[in-house]
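Thanks for taking a look at this one with me.

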Amino acid sequence: MENQEKRPLILISNDDGFSFSGIHTLIKVARRHADVVAVAPLHQQSGKGCSITFFEPLRAIKVADEEGYQAFTVPGTPVDCVKLAIDQLLGGRRPALVLSGINHGYNYGTCTLYSGTMGVTFEAALHHLPAVAFSAKPFDPKTDFSALEPWIEKVIEKVLAQGLPDGVCLNVNMPQEPRGMKVVRAAMGKWEKEYERRTDPRGMDYYWVTGNYVLDAPDDAETDVRAVAEGWVTVTPCRVDPTAHAHMAEITALLT
């Protein structure tokens, strides 16, 4: 890719890889505003969170190279993709924005702790880069997300123009027929009955991830889970600093 400094650069990744349609919608919208480099996992990486590869080498396989656009696939995690892109694949250019998704399936509530989609944006925030994750239903890898393009474009335009607070990234969840956009908190909750025990043909037990997501406050309208159910595109600001700042004095008093 030629070094076209007059155009900003957007880095895009996801946890589903290029075989899912969501990333291609995101690339299409992003290319209207910037040069794009997309670096995505070779294999499905849902639930990988912020994990990285330690004990195996990484390879970046170029799958597209044209004016204003390059794409690479990496046999690693979403965070591997971001790290490798920033360190090796961008030709010294610094992204003006990092995008993740479109994930096939919502990433909201405490599910963001496990999400490879959000792992992309958390890693970007560690590099002091503005970053936004997009998620939508259904899970079908061939889903047509074109109707959501105006909402994606609005977010991209605003963040490119004004940036984000340092260390903060955005988690955006989009219902199929949005009524508007709303900034909300992440819903607190947990999974119950998380595994189903099954028996293989040889009589050995194995366990399959399943379960139900139970909200702590199901009637709280100012959370992402509830707002998405009511038809809103939800935007949740997230941060990479895990410190409970409001409780520093309390814990100091407890331990000293």
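The points below go from the sheet to a helix and then to a single residue.

1. A word on the basis. This is a predicted model, where local features need pLDDT of at least 70 and side-chain atom pairs count only at pLDDT 80 or more, while totals for chains, interfaces and linings use all residues. Residues are numbered from 1 along each chain as its sequence is written, and side-chain values use heavy atoms, with hydrogens and water left out.

2. The sheet. Nine strands make an open, mixed sheet, ordered β3-β4-β2-β1-β5-β6-β7-β13-β8 (strands are DSSP runs of E, at least two residues, and helices runs of H or I, at least four, numbered from the N terminus; two strands pair if DSSP finds at least two bridges between them). At the edges sit β3 and β8 (180-183), each pairing on one side only. From one strand to the next, the twist averages 20°.

3. A parallel pair. β5 and β6 run parallel and are joined by five bridges. Asn-103 has Ser-135 in β6 as its bridge partner.

4. Helix α1. Seven of the nine residues of α1 (22-30) are buried, meaning under 20% relative accessible area with a 1.4 Å probe, protein chains only. Among them are Ile-23, Leu-26 and Val-29. The buried residues of α1 pack against elements including β1 (9-13), β5 (97-104) and α4 (149-162).

5. Gln-45. Is Gln-45 buried or exposed? Gln-45, in the loop between β2 and β3 (61-66), is buried, with a relative accessible area of 11%. Leaving aside residues up to four places away in sequence, Gln-45 touches Asp-15, Gly-76, Thr-77, Pro-78 and Gly-116 (contact means heavy atoms within 4.5 Å).

Terms used
Buried means under 20% relative accessible area, exposed over 50%, partly exposed in between (1.4 Å probe, protein chains only). Axes are lines fitted to C-alpha atoms, for helices over the stretch in contact, and angles run from 0 to 180 degrees between N-to-C directions.
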